[in-house]
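Welcome, and please have a look at the sequence and the model shown here. The report below walks through some of the helices, strands and single residues.

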Amino acid sequence: MNVFYSPAYAGSQVSFETTRKARWIAESLVRSPIAGVQLIPPEPLGETDLLKIHDAGYVQAIRRGLPRWLAESQGFRWDAALWPMVLASNGGAVAAAREALAQGVSGSLSSGLHHARRDLGVGFCTFNGLALAAGSALDSGAVSVLILDLDAHWGG
């Protein structure tokens, strides 16, 4: 099974445990490989991909850090490494959806991908990577997509 991961998933200075879990798991898989599981670096998403579901003003705020209130609306401080981090992490979710459609199973060590709204971040989620992944799967021929949310915080 291919599992998508990039060190960029944890590239920001954000000191939020969820953004670091991907690195911890990837390091564990390198130290103690699991037969049949391979880490694959995803292609980062482009701005055009994000604009399919997110407002242009919000996307630019995340890219540039201004206005600060909007760039930090997901709940953590903005820094310049946030943009490449969220492009990589959301790219992993999209790549995993496409891979699962083609191969039957896949995964991504992405995090913080489902509470974001069209025009702002929410619940430590900058962009809605699960909506992007579902849309990509549907565009690639999936008949339907099920998202089962079992995250560790209080809804949203």
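Of the 22 residues of helix α5, 16 are buried, so this helix is largely enclosed by the rest of the structure. Keep in mind that you are looking at a predicted model. Helix α5 covers residues 82-103. From its first C-alpha to its last, α5 reaches 31 Å, close to the 32 Å expected at 1.5 Å a residue. Just after α5 comes G104, which takes a positive phi of about 95°.

**A helix that meets α5**

Two packed helices are described by the angle between their axes and the distance between the axes. Which angle do α3 and α5 make? Their axes cross at roughly 120° and come within 7 Å. Angles of 65 to 115 degrees count as roughly perpendicular and those over 145 as roughly antiparallel, so α3 is oblique to α5. On the α3 side the contact is made by V59, I62 and R63, and on the α5 side by L82, W83 and V86. Sorted by class, this contact has five nonpolar residues, one charged residue and no polar ones.

Strands of a sheet pair through backbone hydrogen bonds, either parallel or antiparallel. Here, three strands form an open sheet in the order β2-β1-β3, with parallel pairing. Strands β2 (38-40) and β3 stand at the edges with a single partner strand each, so one side of each has no neighbour in the sheet. Strand β1 takes in residues 2-4 and pairs with β3 over two bridges in the parallel sense. If you look for F4, you will find that its bridge partner in β3 is S108.

**F127 and its surroundings**

Is F127 buried or exposed? Its relative accessibility is 0%, so F127 counts as buried. This residue lies in the loop between β3 (107-108) and α6 (129-139). Leaving aside residues up to four places away in sequence, F127 touches L50, H54, Y58, V59, I62, W83, V86, N90, G112, L113, H114 and A116.

| Residue | Relative accessibility | Counts as |
|---|---|---|
| F127 | 0% | buried |
| F124 | 34% | partly exposed |
| R31 | 62% | exposed |

R31 belongs to helix α1, which spans residues 17-31. F124 is found in the loop between β3 and α6.

**Distances along the chain and in space**

F127 and R117 are 10 residues apart in sequence, and their C-alpha atoms are 7.5 Å apart. R31 and I53 are 22 residues apart along the chain, and 38 Å separates their C-alpha atoms.

**Backbone details**

Most residues other than glycine have a negative phi, and most peptide bonds are trans. F124 is not a glycine, yet it has a positive phi of about 65°. Where is the cis peptide bond? It runs from L66 to P67, with omega near -5°. You can find P67 in the loop between α3 and α4 (68-71).

Note on methods. Residues numbered from 1 in each chain as written. Predicted model: local features only at pLDDT ≥ 70, side-chain atom pairs only at ≥ 80, totals over all residues. Heavy atoms only, no water. Axes fitted to C-alpha atoms, helices over the stretch in contact; angles between N-to-C directions. Helix = DSSP H or I, 4+ residues; strand = E, 2+ residues; numbered from the N terminus. Parallel < 35°, antiparallel > 145°, perpendicular 65-115°, else oblique. Contact = heavy atoms within 4.5 Å. Nonpolar A, V, L, I, M, F, W, Y, C, P; charged D, E, K, R; others polar. Expected span 1.5 Å × (residues − 1). Buried < 20%, exposed > 50% of the residue type's maximum accessible area, 1.4 Å probe, protein only. Pairing = 2+ DSSP bridges.
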